[in-house]
Amino acid sequence: MSEESRVAIVTGAARGIGAATARRLAADGMAVAVVDIEEAATKETVDAIAGAGGRALGVGADVSDRDQVEAAVSRVAAELGAPTVLVNNAGVLRDNLLFKMTNADWDTVMGVHLRGAFLFSQAAQKHMVDRKWGRIVNLSSTSALGNRGQANYAAAKAGLQGFTKTLAIELGPFGVTVNAVAPGFIVTDMTAATAARMKVDFEDFQKHAAAEIPVRRPGRPEDVAHTISFLASEGAGFVSGQVIYVAGGPRD
């Protein structure tokens, strides 16, 4: 199966890493389903792909809702073709110190990151197994190693690493690889919002982060998209169950 005949789903693809990934996979020749909580929010990414000569479909879905996820995957299969590449990128932040963290803070983060990856993987794997070929890439984070004020986010991102390794074992016999990418500091709307919440100028925030990164610069969404592109490729068929840190330097 060539890249030109493949269909990819990217969740949380209205902006940031998800949007960059959707554009990159489209440039690789795939038709791409651009999924986000509101279909209207996907228009910019879809238009960018179409403007570059690619095929894209905007789909609105709450990744934590089984009915919406199953409907989304069914729609993608009907309108673009059977999805054999899935990037579980959708994510939210509800940062707080443990003693201030609410049930909603915890449940929302777990629902989007973990339940979302579970539901989309479960729905999409049927198409991959039928075709004996598939690629699933889950977005973890360097926060999986621990980060102050992110007990919920860190737990979810660490959970995705265990989820990744387990699916690699289960789905490997069917020609499906499953890997995770764990970004470090990436310049996105989400990190800008974090700076604003901390009442720190975003440029200063980036400079401080860059000083701690061996390559001395913050990451860009395209850095992550490039790694995902490799993991989704034909040539990555012997790479599975791995967590790749895209963080400008080594991580434990």
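## Fold, ring pairs and selected residues

The protein chain is divided into domain 1 (7-184 + 220-246) and domain 2 (193-218), with bounds that come from an automatic or database domain assignment. The C-alpha centres of domain 1 and domain 2 lie 25 Å apart. Where these two meet, the contact (heavy atoms within 4.5 Å) takes 4 residues from domain 1 and 5 residues from domain 2. The model is predicted: local features need pLDDT of at least 70 and side-chain atom pairs count only at pLDDT 80 or more, while totals for chains, interfaces and linings use all residues. Residues are numbered from 1 along each chain as its sequence is written, and side-chain values use heavy atoms, with hydrogens and water left out.

Now for the chain as a whole. The protein chain has 8 helices and 7 strands; these are DSSP runs numbered from the N terminus, with helices being H or I of at least four residues and strands being E of at least two. The radius of gyration, taken over C-alpha atoms, is 17 Å, close to the 18 Å that the globule rule (2.2 Å times the number of residues to the power 0.38) gives for 252 residues, so the protein chain is as compact as a globular protein of that length. Along its principal axes, the C-alpha trace spans about 45 × 35 × 35 Å. Of the contacts in the protein chain with a separation of 6 or more, 71% are accounted for by residues 24 or more positions apart.

Next comes the surface. The accessible surface of the protein chain comes to about 11600 Å², and 53% of this belongs to carbon and sulfur atoms. Accessible areas come from the Shrake-Rupley method with a 1.4 Å probe, and for residues only the protein chains shown count as cover. Buried residues make up 51% of the 252 residues, where buried means under 20% relative accessible area, exposed means over 50%, and partly exposed is in between (1.4 Å probe, protein chains only).

On to the aromatic rings. Rings of Phe, Tyr and Trp (its six-membered ring) pair if their centres lie within 6.5 Å; planes under 30 degrees apart count as stacked, over 60 as edge-to-face and the rest as tilted. By this rule the count comes to 2 aromatic pairs. The rings of Phe185 and Phe205 have centres 5.5 Å apart and planes at 70 degrees, so this pair is edge-to-face. It links distant parts of the chain: Phe185 is in the loop between β6 (176-183) and α6 (189-197), whereas Phe205 is in helix α7 (residues 202-211), 20 residues apart. Phe185 and Phe205 are both buried. The rings of Phe202 and Phe205 have centres 6.4 Å apart and planes at 35 degrees, so that pair is tilted. Phe202 and Phe205 both sit in helix α7, 3 residues apart, about one turn of the helix. Put together, ring pairs link Phe185, Phe202 and Phe205 into a cluster.

A charge also meets a ring elsewhere. Arg6 lies over the face of Trp133, at 3.8 Å from the ring centre; a charge sits over a ring if NZ of Lys or CZ of Arg is within 6 Å of the ring centre and within 35 degrees of the ring normal.

Thr177 is found in strand β6 and is buried, with a relative accessible area of 5%. Leaving out residues up to four places away in sequence, Thr177 touches Gly134, Arg135, Ile136, Leu231, Ala236, Gly237, Val239 and Ser240. Phe118, in helix α4 (residues 103-131), is partly exposed at a relative accessible area of 36%. With the residues up to four places away again not counted, Phe118 touches Arg66 and Phe163.

Lastly, some backbone angles. Most residues other than glycine have a negative phi. Lys132, in the loop between α4 and β5 (134-139), has a positive phi near 55 degrees and is exposed, with a relative accessible area of 52%. Arg216, in the loop between α7 and α8 (221-231), has a positive phi near 60 degrees and counts as exposed at 55% relative accessibility.
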